[in-house]
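Here's a quick tour of one protein model, written for someone who likes cut-offs spelled out. Have the viewer open as you read.

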Amino acid sequence: MLMVRSQLLVSACAAVALSGCGEEILPRSEVELGRALFEDVRLSVNEAQSCATCHDPSRGFVDARAGAEGRVAATSLGADGMSRGRRNAPTVTYATLVPAFTFGSRARFNKQSRNRLYEGPLGGLFHDGRADDLEAQAGGPPLNPAEMGMPSKAAVVERLRTHPDYLRDFEALYGTGVLDDAEAGYDAMTRALAAFERSPEVSPFDSKYDRFLRGEAELSFPELTGRSLFFSEFANCAICHQLRGNGDPIGRFEETFSGYEFHNLGVPRNEELGPAVDEGLGGALGVSEHRGRFRTPTLRNVAVTGPYMHNGVFRELRTVLEFYDRSNNPERVLNPETGQPWADAEVPETVAMELLEVGRPLTDPQLDALECFLRTLTDARFESLLPPEDGRCVD
């Protein structure tokens, strides 16, 4: 028994390239195991892609790989080097706070009585809400042919079984023989990945805005102006992008800047993705009234996680702001990225005009201020990724 234990220890040391292999290696915590799995290319069919490839921890947990034109691609390239997804990879940051999918209602924090209550679908992971929790979400990409491309859960678990460090960690955390069963082993893998995604490392609440709320930082006048606009009915941002009431003493520093509602905002088709219509929630549920509706994303790290919208159709955050303002502003007739009139909605029949037309036209300086405020929602570790702002955001 001692000889077997020593052989396993030597194998584990070789697998993880650790020094000091005369000492017993302790199992990793569930978060540490999840981090290792998140970055492990062995979970893809040709060992060329990990979760971190499309959710890069150094780039706001999104896919920052350049496409053919030398700019960040709208959608991610699969492990096979040919397949492309049809949706922009969302940030993993703060996904832990997304509630399970449900049909329900929620109060909105604004002064317009006709929009104070939302009733309809809420929550769920992925753009269309089809996964109830992080475990369900984590189990999708390894088996998706257009993503990591593994043929089965059993094939994934067999990859885990071949490495002594994983054998040690999984058995310590989830029980002896857990990797002997494909279902149990795959479920344990998703639990570890979810534990990492729930950790403070992924959702630290340490942006400049959080520090401001704690009295640890000051916002400039443009940033404060943008904040006031954001939470006012004048600009109408908070109607969908506010979870808690202003000054809420319970969890007031954990505003995710999303109410997790589903809406069709009239986003145009991304012609790079081909002619097929993305039906969003309507496609996931098979219900026509929800066609073209997608879950409202968090705005945390939004300034460093472009391109934008579910299909990556807009490259710049400023374009998104002008896109929303166009519903109330007759002067916003051109897409600033193309110089052409705004394209029609991909699914025109369900566009939420009752929300888009609430508010007033905004000036360029007001959009500048809003953009300055949104920049303050960037986690401290990603602040170096913020694009230059030409002095607009300082006093």
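Predicted model: local features only at pLDDT ≥ 70, side-chain atom pairs only at ≥ 80, totals over all residues.

## Ground rules

Residues are numbered from 1 along each chain as its sequence is written, and side-chain values use heavy atoms, with hydrogens and water left out.

With a relative accessible area of 30%, Arg-65 is partly exposed. You'll find Arg-65 in the loop between α3 and β1; helices (H or I, at least four residues) and strands (E, at least two) are DSSP runs, numbered from the N terminus.

What does Arg-65 touch, leaving aside its neighbours within four places in sequence? Its contacts (heavy atoms within 4.5 Å) are Gln-49, Thr-53, Cys-54, Arg-71, Val-72, Ala-73, Ser-76 and Leu-77.

## The whole protein

The protein has 14 helices and four strands. Its radius of gyration is 23 Å, close to the 21 Å from the globule rule for 395 residues, so the protein is as compact as a globular protein of that length. That radius is taken over C-alpha atoms, and the rule is 2.2 Å times the number of residues to the power 0.38. Along the principal axes, the C-alpha atoms fill a box of roughly 80 × 50 × 45 Å.

Buried residues account for 48% of the 395. Of the contacts between residues at least 6 apart in sequence, 65% join residues at least 24 apart.

## Aromatic pairs

Rings of Phe, Tyr and Trp (its six-membered ring) pair if their centres lie within 6.5 Å; planes under 30 degrees apart are stacked, over 60 edge-to-face, and the rest tilted. That rule gives 22 aromatic pairs. One of them is Phe-61 with Phe-196, tilted at 6.5 Å centre to centre and 50° between the planes. Phe-61 sits in the loop between α3 (51-54) and β1 (102-107), and Phe-196 in helix α7 (residues 182-197), 135 residues apart. Both Phe-61 and Phe-196 are buried.

Why is the pair of Phe-230 and Phe-373 tilted? Their planes meet at 50°, with the ring centres 5.4 Å apart, so that label applies. Phe-230 belongs to helix α9 (residues 221-230) and Phe-373 to helix α14 (residues 364-375), so the pair ties together parts 143 residues apart in sequence. Ring pairs also link Phe-230 and Phe-373 into a cluster with Tyr-209, Phe-212, Phe-231 and Phe-257.

Most residues other than glycine have a negative phi, and most peptide bonds are trans. Glu-47, not a glycine, has a positive phi of about 55°, and Met-309 has one near 75°. Glu-47 is partly exposed at 43% relative accessibility, whereas Met-309 is buried at 16%.

A cis peptide bond, with omega about 0°, joins Gly-306 and Pro-307.

Conventions:
Buried < 20%, exposed > 50% of the residue type's maximum accessible area, 1.4 Å probe, protein only.
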